[in-house]
Amino acid sequence: MPLDQTTKFDRGGAVTDFTRGADGDTFIFPLSSEEPYRRYDGNEILVHTPAAVDLSFLNSGNAPLLDSHNRWDGLKAQIGVVTRAWLDKKRLYVEVRFSRKEHAQEVMQDVVDGIVKNVSVGYTVMKCDPVDDDGNYRVIRWQPTEASFVSIPADTTVGVGRSATVRTTAMPD
């Protein structure tokens, strides 16, 4: 995948339930995986290693939790914040906290009630391996920039409660 400049993408996954954080006010779930996703130029695979994923923005306390990747309505679009992020078993996990705004509380209640079941990651691609003979390319350097609850996911292997081993304490190094 030739990239002349930084490219922004998003992709998501199905969710079935949620895990509450240790404080009871946050939700923990895997946000992305190495599941291939069909793009216009091949099957994209996001590599999930510490060398590949720049978690600095997600762990800054400034990364937004959005409703359907809505980046255009300013602060109205933000329904919460990513409080921390880490990698484990080739997945990116996040802990998020919802805003007390009315719309954010409505989305949170839909998550709790099992109505909203899909998540997606917004990210910036910085470096890729060339497309192989099978039409796959690996994103070997990328930065997640937001988490979203969405209606239609790209990656159905991730989401709230989609792993048997979720860490609720300190992030691994």
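These questions and answers go through the predicted model and the reasons behind some of its labels.

Me: What is the mean confidence of the protein chain, and where is confidence lowest and highest?
Reply: The mean pLDDT is 80, and 76% of the residues reach 70 or more. Strand E1 (residues 7–14) has the lowest confidence, at a mean of 48, and strand E7 (residues 78–88) the highest, at 95.

Me: Over which residues does pLDDT stay under 50?
Reply: One stretch is residues 1–10, for which the model has 31 contacts beyond four places in sequence. Another is residues 12–17, with 38 such contacts.

Me: Why is Glu 44 called buried?
Reply: Its relative accessibility is 0%. Buried means under 20%, so Glu 44 counts as buried. Glu 44 is found in strand E5 (residues 42–46).

Me: What makes the pair of Glu 44 and Arg 39 a salt bridge?
Reply: The N to O distance between their side chains is 3.5 Å. The cut-off is 4 Å, between a side-chain nitrogen of Lys or Arg and a carboxyl oxygen of Asp or Glu, so the pair qualifies. Arg 39 has a relative accessible area of 14%, under the 20% limit, and is therefore buried.

Me: How do you know that Glu 44 and Tyr 123 are in polar contact?
Reply: Their side chains are joined at 2.5 Å. A polar contact needs N or O atoms within 3.5 Å, and 2.5 Å is within that limit.

Me: What makes Lys 90 and Glu 34 a salt bridge?
Reply: Their closest N and O atoms are 3.9 Å apart, which is within the 4 Å cut-off. The pair links distant parts of the chain, 56 residues apart: Lys 90 lies in the loop between E7 and E8, and Glu 34 in the loop between strand E3 (26–33) and strand E4 (37–39). Lys 90 has a relative accessible area of 52%; exposed means over 50%, so Lys 90 is exposed.

Me: Why are Asp 129 and Arg 138 called partly exposed?
Reply: Asp 129 has a relative accessible area of 26%, and Arg 138 is at 40%.

Me: Why is Lys 89 called exposed, but Ser 68 partly exposed?
Reply: Lys 89 has a relative accessible area of 62%, over the 50% limit, and is therefore exposed.

Technical notes: Residues are numbered from 1 along each chain as its sequence is written. Side-chain values use heavy atoms; hydrogens and water are left out. pLDDT is the predictor's confidence in each residue, from 0 to 100. Helices (H or I, at least four residues) and strands (E, at least two) are DSSP runs, numbered from the N terminus. Contact means heavy atoms within 4.5 Å. Buried means under 20% relative accessible area, exposed over 50%, partly exposed in between (1.4 Å probe, protein chains only). A polar contact is a pair of N or O atoms within 3.5 Å; within protein, one must be able to donate a hydrogen and the other to accept it, and residues adjacent in sequence count only if both atoms are side-chain atoms.
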